[in-house]
Amino acid sequence: MADRKGATDKQRYEALSDFRYQLRCFLRFSEDAARAEGITALQYQLLLHTQGFADREWATIGELADCLQAQPHGVVALVTRCEEAGLVQRQASATDRRQVEVHLLPAGRRKLALLAAQHAAQLAALNEAVRIAAKIRD
């Protein structure tokens, strides 16, 4: 019985190892692709997350901080850099004056579309690694 458990553990480790490898490959690809377009990986993620909410095409600083797993003051600085690059624009919320909305500008929309298309093929490999890892359970 110990051999069977050992084999199962080994399969799980192999699947998890492959998943981590594929995830790192995806992240590296994403970093390199963003850099090739003249922005950082975090700037790309910010552009992406502005479009990640249903029924609207903007996100608040707080929502972006949550998506990026960052502190709001750090996201404010990131938004400032994206504004300076002509990618996004801040707008005061019409419904809650405490909130600031971040909207894509045409240049940001173009960069996002180009990078998202480049990521599609890479996502297929990552999806396969997730599928395999999910099959291996305790």
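Author: Angles under 35 degrees count as roughly parallel, over 145 as roughly antiparallel, 65 to 115 as roughly perpendicular and the rest as oblique. This is a predicted model, where local features need pLDDT of at least 70 and side-chain atom pairs pLDDT 80 or more, while totals for chains, interfaces and linings use all residues. Residues are numbered from 1 along each chain as its sequence is written, and side-chain values use heavy atoms, without hydrogens and water.

Reader: How are α2 and α3 set to each other?

Author: Helices here are DSSP runs (H or I, at least four residues; strands are E, at least two), numbered from the N terminus. For α2 (residues 41-50) and α3 (residues 61-68), the axes come within 10 Å and cross at roughly 125 degrees. The two helices are therefore oblique.

Reader: And how are α2 and α4 set to each other?

Author: Helix α4 covers residues 72-84, and its axis lies 10 Å from that of α2 at an angle of about 90 degrees. That makes α2 and α4 roughly perpendicular.

Reader: Which residues in α3 meet α2?

Author: Contact means heavy atoms within 4.5 Å. From the α2 side come L42, Q45, L46, H49 and T50. Their partners in α3 are L64, C67 and L68.

Reader: Is L47 buried or exposed?

Author: L47 sits in helix α2. Buried means under 20% relative accessible area, exposed over 50% and partly exposed in between, using a 1.4 Å probe and protein chains only. Beyond its neighbours within four places in sequence, L47 touches I39, L87, V88, L104, G108, K111 and L112. Its relative accessible area is 0%, so L47 is buried.

Reader: What span should helix α5 have, and how far apart are its end C-alpha atoms?

Author: The expected span is 1.5 Å times one less than the number of residues. With 30 residues (106-135), α5 should span 44 Å, and this agrees with the distance between its end C-alpha atoms, 42 Å.

Reader: Where does α5 bend?

Author: A bend is the angle between axes fitted to the seven residues ending at a residue and the seven starting there. In α5 that angle is about 35 degrees, at A121.

Reader: Which residues does H119 contact?

Author: H119 belongs to helix α5 and is buried, with a relative accessible area of 3%. Setting aside neighbours within four places in sequence, its contacts are F26, F29, S30, A33 and Y44.

Definitions and conventions:
Axes fitted to C-alpha atoms, helices over the stretch in contact; angles between N-to-C directions.
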